[in-house]
Amino acid sequence: MVEFIDVAIPEPGDWQQVSPGILWLRMPLPFDLDHINLYLIADVDPETQTHGYALIDTGIGLPNTQSLWDTLLAKLDAPLTKVIVTHMHPDHIGMAGYLVDKYRVPFYISHSEYFVARAMCAGSRGASDWQDNEYLVRCGMSAEYVETASAKRKNNKGVGQVILPIPLQHERLQEGDTLKIGNDYWQVMIGRGHSPEHVCLYNQQSGVLISGDHILPVITPNIGVYSTEPNANSLKMYLDTLPQFKSLPANTLVLPSHKQPFTGLHTRVDELIAHHHEHLEHLKAFCKEGKTIKACLPILFKRELNEHNQFFAIAEAFAHLNYLYFSKQMSREVNDEGHYIFTLITDTE
């Protein structure tokens, strides 16, 4: 059973203790999902022996986030010793450069997440966007939609506008590594699918898992296929990297990036796996006759989608349909309009 811990949600610019030596922070986001959880872990600088805090994730790179950080750090009256980022999405890495520069401390992140973030911030650098347009066409979007999206891209600075300059140096985190924070040792566990090489941290001594976006309560992380890799099998990667967390104790305290800290890790892993398999079954029933990706959106999403949400919904539908295609449960063809058509493969075919 998944249960939230009985600790009040911290106000922006403040914190709550969720475990000995671990503080829970919350920063605002300008999206429907309007917050991100960050964590400070009591630590000691190995060179100066100064007591401070290792930070897990940083918030989005906007002026109000920086202002909140300045207020919080003054109130905390202790330096940061490490900045650790679970993955490259702007709400996680956005303020990393500012905080690393402010305290001149090491920046920990996995190799793939670091370089994908650098690439995202660099933008297209003048490359043609025909492949971005082709991706939207393959998804079943109209010619008008594709034309409008292309025009917006040309006038949009992309995610670089909400990620402050990323540090030029990083300490690589990879599967099986152990990271010492304070007197404790944290095991690096890697999740995939939501992002390329998402870092989760598990502390056996305290029974705490920092799950980032890989395991969330109440909501599910976005598992998408995007124009940068249209033949990705993101959902398979996600489902393949979930079961390992059931090897941790059932009473593990999970500190996620969104919503509230909780217990019931095994139950939540099972729920997430079941959720995606339910979606897959619904798509198989819907695609007995060939369907475009866009046509599948109402099967997966019952709420009305705004422009921002539709972008992620298309990617999520693509991920589920690619999973069925690569597992040979569906065929995938291109129709005369350039749309992908996914069709269930029946036993009689």
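This note sets out points on strand pairing, aromatic rings, charged side chains and one serine.

1. Basis of the note. The model is predicted, and local features need pLDDT of at least 70, side-chain atom pairs count only at pLDDT 80 or more, and totals for chains, interfaces and linings use all residues. Residues are numbered from 1 along each chain as its sequence is written, and side-chain values use heavy atoms, with hydrogens and water left out.

2. Strand E7. Helices (H or I, at least four residues) and strands (E, at least two) are DSSP runs, numbered from the N terminus. Strand E7 spans residues 107-110 and is covered on both faces: Phe107 and Ile109 on one side, and Tyr108 and Ser110 on the other, are all buried. Here buried means under 20% relative accessible area, exposed means over 50%, and partly exposed lies in between (1.4 Å probe, protein chains only).

3. Partners of E7. Two strands pair if DSSP finds at least two bridges between them. Strand E6 (residues 80-84) runs parallel to E7 and is joined to E7 by 2 bridges, with Val83 opposite Phe107. Strand E8 (residues 171-173) also pairs with E7 in the parallel sense, over 3 bridges; in this pairing Ser110 faces Leu173.

4. Aromatic pairs. The whole structure contains 8 aromatic pairs. Rings of Phe, Tyr and Trp (its six-membered ring) pair if their centres lie within 6.5 Å; planes under 30 degrees apart count as stacked, over 60 as edge-to-face and the rest as tilted. Tyr135 and Phe318 are stacked, at 5.8 Å centre to centre and 25° between the planes. Because Tyr135 belongs to helix H5 (residues 130-138) and Phe318 to helix H10 (residues 307-326), this pair ties together parts that are 183 residues apart in sequence. Tyr135 is buried at 7% relative accessibility, as is Phe318 at 0%. Phe311 and Phe312 form an edge-to-face pair, with 5.1 Å between centres and 80° between planes. Phe311 is partly exposed at 42%, and Phe312 is partly exposed at 30%.

5. Ring cluster and charges over rings. Tyr135, Phe318, Tyr340 and Phe342 are linked into a cluster by ring pairs. A charge sits over a ring if NZ of Lys or CZ of Arg is within 6 Å of the ring centre and within 35 degrees of the ring normal. Arg138 lies over the face of Tyr340, at 5.5 Å from the ring centre, and Lys291 over that of Phe286, at 4.6 Å.

6. Salt bridges. The count is 8 salt bridges, each a side-chain nitrogen of Lys or Arg within 4 Å of a carboxyl oxygen of Asp or Glu. Lys82 and Asp43 form one of them, at 2.6 Å from N to O. This pair links strand E6 with strand E4 (residues 35-44), across 39 residues, and both partners are buried. Arg153 and Asp129 meet at 3.2 Å; Arg153 is partly exposed at 28%, whereas Asp129 is buried at 19%. Asp129, Asp132 and Arg153 are linked in a network of salt bridges.

7. Helix H7. Asp240 and Lys236 form a salt bridge at 2.7 Å, N to O. Because they are 4 residues apart in helix H7, about one helical turn separates them. Ser234 also lies in H7 (residues 234-240) and is buried at 5%. Beyond its neighbours within four places in sequence, Ser234 is in contact (heavy atoms within 4.5 Å) with Gly193, Ile223, Gly224 and Val225.
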